[in-house]
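Subject: Structure handover

Hello,

Here is the structure I said I would pass on. Please open it first and then read the notes below.

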Amino acid sequence: MASLSSIELHAIEDQLNSEEIVVKKLKNYATMTQDPQIKSTCEQIAAQHKKHFDTLMGHLSC
């Protein structure tokens, strides 16, 4: 695989930061609500964004 350019690395870094923030916010929202449906939805969406984060990290370790 070809190495990533500095622009590509910067874009991945920005996206990693964004994904990390979304995961933290959604986990926080899940702990703040008493509604089980909202809690479950927040946790599911947080898990999806954690997957996105992990995928992006995988691109950096190639």
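Is Ser3 buried or exposed? Ser3 is exposed, because its relative accessible area is 70%; exposed means over 50%, buried under 20% and partly exposed in between, with a 1.4 Å probe and protein chains only. Ser3 sits in the segment before H1. The C-alpha atoms of Ser3 and Leu60 are separated by 9.5 Å, although these residues are 57 residues apart along the chain.

Some background on the values. This is a predicted model, in which local features need pLDDT of at least 70 and side-chain atom pairs count only at pLDDT 80 or more, while totals for chains, interfaces and linings use all residues. Residues are numbered from 1 along each chain as its sequence is written, and side-chain values use heavy atoms, with hydrogens and water left out.

Now the helices. Helices are DSSP runs of H or I with at least four residues, and they are numbered from the N terminus. H1 covers residues 6-32 and H2 covers residues 36-60. The expected span of a helix is 1.5 Å times one less than its number of residues. For the 27 residues of H1 that gives 39 Å, and the end C-alpha atoms are 39 Å apart, which agrees.

How do the two helices lie? The axes of H1 and H2 come within 8 Å and cross at roughly 160°; axes are lines fitted to C-alpha atoms, for helices over the stretch in contact, and angles run from 0 to 180 degrees between N-to-C directions. H1 is therefore roughly antiparallel to H2, a label used for angles over 145 degrees.

Which residues of H1 are buried? They are Ile12, Leu16, Glu19, Val23, Leu26 and Ala30, and they pack against H2. In H2, the buried residues Cys42, Ala46, His49, Phe53 and Leu56 pack against H1. An α-helix has 3.6 residues a turn, so residues three or four places apart point the same way.

Val23 is one to look at. Val23 counts as buried because its relative accessibility is 9%. Leaving aside neighbours within four places in sequence, Val23 is in contact (heavy atoms within 4.5 Å) with Ala46, His49 and Lys50. By comparison, Gln44 in H2 counts as exposed at 53% relative accessibility.

Regards

Technical notes: Angles under 35 degrees count as roughly parallel, over 145 as roughly antiparallel, 65 to 115 as roughly perpendicular and the rest as oblique.
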